[in-house]
Amino acid sequence: MASISVPAGETSAPQQPRLRVSDYLRWSVDHKIIGVQYMVTSLFFFLVGGVLALTIRTELLTPQLDVLQTGQQYNTVLSMHGLIMIFLWIIPMMAGFGNYLVPLMLGAKDMAFPWLNAFAFWLIPPAGLLMLLSWFIGPPEAGWTMYPPLSTIFSGDGQVLAALGAHLLGISSILGAINFLVTIRNMRPKGMGYFQMPLFVWAMTATSILVVMATPFLAGALTLLILDKVAGTAFFDPANGGDVLLWQNIFWFYSHPAVYIMVLPGMGILSEVLSIHSRKPIFGYKMIALSSMAIGGIGFTVWAHHMFTSLQPEYRLPFMITSMIIAVPTGIKIFSWLGTIWMGKIRFTSAMLFSLGFLSMFVIGGITGVMLAVIPFNLHVHDTYFVVAHFHFVLFGGSVFAIYSGLYHWYPKITGRMMDERIGRWQFWLTYIGFLLTFFPMHFAGILGMPRRVAVYAPEFQTLNSLSSAGSAVLGFAALLLIWNMYKSLYVGSIAGANPWRALTLEWATTSPPPAHNFVGDPVPFHDPYGYGSEEATAYLDEIDQRYGKGSPAQPGSAAAPQPAGD
Amino acid sequence: MNASMSTRTIFMIVAAGIVMIGGGLLIGQTMPSFFPPEASAQSQQIDSLFKILLVIGGAIFLLVQGLLLYSVIAFRAKPDDTTDGPHIHGNTTLEIVWTAIPAVIVTVLTILSYNVWVSIREEQPAEAVVNVVGARFNWAFTYTVPTDELPADTVVSELPQTIQDKLNQDGAVQVATNELHTYVGQSLKLEMETRDVIHSFWVPAFRMKQDLLPGRVTEIRLTPVEVPGNTDYPVRYPIRCAELCGGNHGAMVSWVVVHKDEAAYKSEFLNTEVSQVLHPPEDPVLRGRQLLESQQYPCFTCHVLSEFGWVGDVGPSLDGVADRAAAARAQATGLSAAEYLLQSIHEPNVFLVPGYGPLMPNLNIPDDQAADIVAFLCTLSVSGESAC
């Protein structure tokens, strides 16, 4: 039993001033405050993007234009919806999880570069503002993909503003990713080799490598686009020697890896939640860790499958092959997760429900992904609602389900309070059913002949679209339940204690919320982050409970009290 | 997996395998119910390939969802059970199996897809080439009819001189329409260009799609086939633009008209169109009017012309354009009304009507057609007489 080791030091740290809302509105270099800043900011943009999504679905209730006045307005709404959900919701939300959790999971006091960390966050509000302002000065109407010449000739000046916003967000991502890589490389505690890291940290490693390598290409593409629009260059204008495919190649060289930038952290969340809430070691740790790296690597070679109807036909084949290959590491993950819950003792917490929901939905997105990699079938469904269905299964059924799961799982750590499980279950079932209703019919609409990004459509698609619109209302309502639950639990949630899920990773081996600089003394990690079901693990977890105390029902008037780190 | 695997376990695995594969095959059977008609040779090959994808995808779907459903039912923790599950970290054999099987599946799928991909692009003997032009938000198709394929009753020496000259020079005349006419069994090769932004040519019933890219000519090959049970010719299938091209993207729709056979194609479509080309109206105003009304050029998408019911508001209205050209524009540009209108067609951005942006593309309208259009536009005056 010698290997049992619990973070040393006093449990009753000296009382520090309680954090107020205003502490979160200020510059702070505490990674926990920054993590929460990322999360709350991205939740705000999630609501904005959600309102835009519901506008789209309301418009599509009928085949004609009726809610919006013109097709251009519709295109603006869908462009903003895409830009906001990708650049201001999923990506920064994942960065929020990373910021809050990576130092804690490594037993570190903070990120490697705290000031840089704060700077990366504070780029987001002005970037978001630029994106929102673009609406008012000749809005972008070329989709989030901004294909020229539609974006260069027809979109208003707002296109430039949106591109500048995306630029800033790219810088923010790159700075954040460098910070993660340095932190993970240098700040692991004694006794934690790469293969003893929590899988969420592995996922953030793969994600950060992707961000550092891919995002500069987005910056390059956006710069050329802005120059074409404001400086009269002709990078994308064939009449003057440019090429429209140049944009598509550079853009997708970033934007396909961006899909993995959005999904890999979610997969990391899943690996934590599934193991902890089914009380069983993760099945095939190394394969899950390495498949993240494999997905990251192969992810750089598949970009032109987004161009199967535009790329020169003779160049298309290699991208079909690489896109097929990437299904293999993705399959490894799905089967490993199934192996993890198999024979476990599954607790149906809200966090677990959303992770199981991810598994169930993401596999559909994976299957349609392989279908789309097949060039001949892709020729039929490219740029149709089939593709819309596919990427929402990946990004909503995948990333967003993982975010929901992560919020329920780590909210107790962040706030010291438990979320309401009854509302959580309601939210899960409404989201699950609403999601299927919204996005499953889109497969059929696409196959039957409905292109994407259309404000008007043939009357025969109205039934399918009405189903989708009905589902989206349910989804929207469920999202509000989450916000309500998070808000209300802050005041009336029961006290979480240090380790409400009895988890082995280090973020749980300190008080909830953790004190300034996270740990009292240097924590020593348990040798196996997923060693559930062993006597050693049970003894370790009991000792944590003893040292930091267990949770208890809510006591009125004692609001959550995270503590700040010094600037 | 395990030497002590019981008979019951083996039975369960076999049963699950049968359910999975049988279920996959069943899902595959549902396919035609959510597909458009299979109206081209290419669509038959693509659909057979998709059926394989659907069977395999269906089986994997059932496998994963089945395991998931079984797990959440069988491995649910009892309310008072606070113990952990078994301390198992993995199983190398199993991990190799679930890496290898998907690898084999995607390899097979890649090979099958490659074969179809090669086959649907194959050059066919005696292809008919049709030129396609996409412009916001309009499709235009141009057929080249060589002299020896003109209607049998054509007497070249009796045709108008301009047509005779053209036949002597090019050996062919062009027929332009807004719908793509073809017939069962015709091997079509479309050569496609765009006047402005990227469009994408898609016929769902043919399962084929290709983008139209500025600065390039792109190609797509189609061979319409007979759809079993269909006796009602000509059959019309929608053409839809699949690449976002602006506000009216969703309305950029046209039709493929498939005639029963070559004879029907000629009698129902080509010969009538050819004879109209061979015998144009004498009056240039009338020719210009026909040209605009045919919507061969996408003028209607951006301009108002009440007579034809055009409501586009991107460019200046054409109602009364002759008077404005003769007065205000002549004053501003120093050109005569007719010269100004011609310039606006060929070089639309040289003079911009105040309040409008440089959005009109050069449509490459041939000189003779442009002259006819100008002649017609000159009559769009208050008096109804030519203002030029």
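Two residues are said to be in contact when heavy atoms lie within 4.5 Å of each other. With that in mind, please note that what you see is a predicted model.

I begin with B:Gly247, to which that term applies. Leaving aside neighbours within four places in sequence, B:Gly247 is in contact with B:Phe137 and with A:Gly71, A:Gln72, A:Asn75 and A:Glu141. Where along chain B is this glycine found? B:Gly247 sits in the loop between strand S9 (235-241) and strand S10 (253-259) of chain B. Is B:Gly247 buried or exposed? Its relative accessible area is 14%, and buried means under 20%, so B:Gly247 is buried. As a further point of reference, B:Gln295 is 48 residues away from B:Gly247 along the chain, and their C-alpha atoms are separated by 19 Å.

Let me now turn to chain A as a whole. Chain A contains 18 helices and two strands. Its radius of gyration is 23 Å, close to the 24 Å that the globule rule gives for 567 residues, so chain A is as compact as a globular protein of that length. Taken along the principal axes, the C-alpha atoms of chain A fill a box of roughly 70 × 45 × 45 Å. Of its 567 residues, 66% count as buried. If we consider contacts in chain A between residues at least 6 apart in sequence, 83% of them join residues at least 24 apart.

Two packed helices are described by the angle between their axes and the distance between the axes. For helix H13 (residues 350-373) and helix H16 (residues 421-448) of chain A, the axes come within 9 Å and cross at roughly 10°. Angles under 35 degrees count as roughly parallel, and H13(A) and H16(A) are therefore roughly parallel to each other. The residues that make this contact include A:Leu353, A:Phe354 and A:Ile364 of H13(A), and A:Phe428, A:Tyr432 and A:Phe435 of H16(A). By class, the contact has nine nonpolar, eight polar and two charged residues.

Chain B is next. It has nine helices and 12 strands. What is the radius of gyration of chain B? The value is 30 Å, whereas a compact globule of 388 residues would have one near 21 Å. The box filled by its C-alpha atoms, along the principal axes, is roughly 100 × 55 × 35 Å. Buried residues account for 45% of the 388 residues in chain B. Among contacts in chain B between residues at least 6 apart in sequence, 66% join residues at least 24 apart.

Consider helix H1 (residues 7-29) of chain B. At 1.5 Å a residue, its 23 residues should span 33 Å, and the end C-alpha atoms are 33 Å apart, which agrees. In H1(B), the residues B:Gly23, B:Gly24 and B:Gly28 are buried. Helix H2 (41-74) of chain B is included in what covers the buried residues of H1(B).

Finally, I draw your attention to B:Thr379, in the segment after helix H9 (367-377) of chain B. With a relative accessibility of 18%, B:Thr379 counts as buried. Leaving aside neighbours within four places in sequence, B:Thr379 is in contact with B:Val285, B:Gly384, B:Glu385 and B:Ser386.

Thank you for your attention.

Methods. Residues numbered from 1 in each chain as written. Chains lettered and ligands numbered in written order. Predicted model: local features only at pLDDT ≥ 70, side-chain atom pairs only at ≥ 80, totals over all residues. Heavy atoms only, no water. Axes fitted to C-alpha atoms, helices over the stretch in contact; angles between N-to-C directions. Helix = DSSP H or I, 4+ residues; strand = E, 2+ residues; numbered from the N terminus. Parallel < 35°, antiparallel > 145°, perpendicular 65-115°, else oblique. Nonpolar A, V, L, I, M, F, W, Y, C, P; charged D, E, K, R; others polar. Expected span 1.5 Å × (residues − 1). Buried < 20%, exposed > 50% of the residue type's maximum accessible area, 1.4 Å probe, protein only. Rg over C-alpha atoms; globule rule 2.2 N^0.38 Å.
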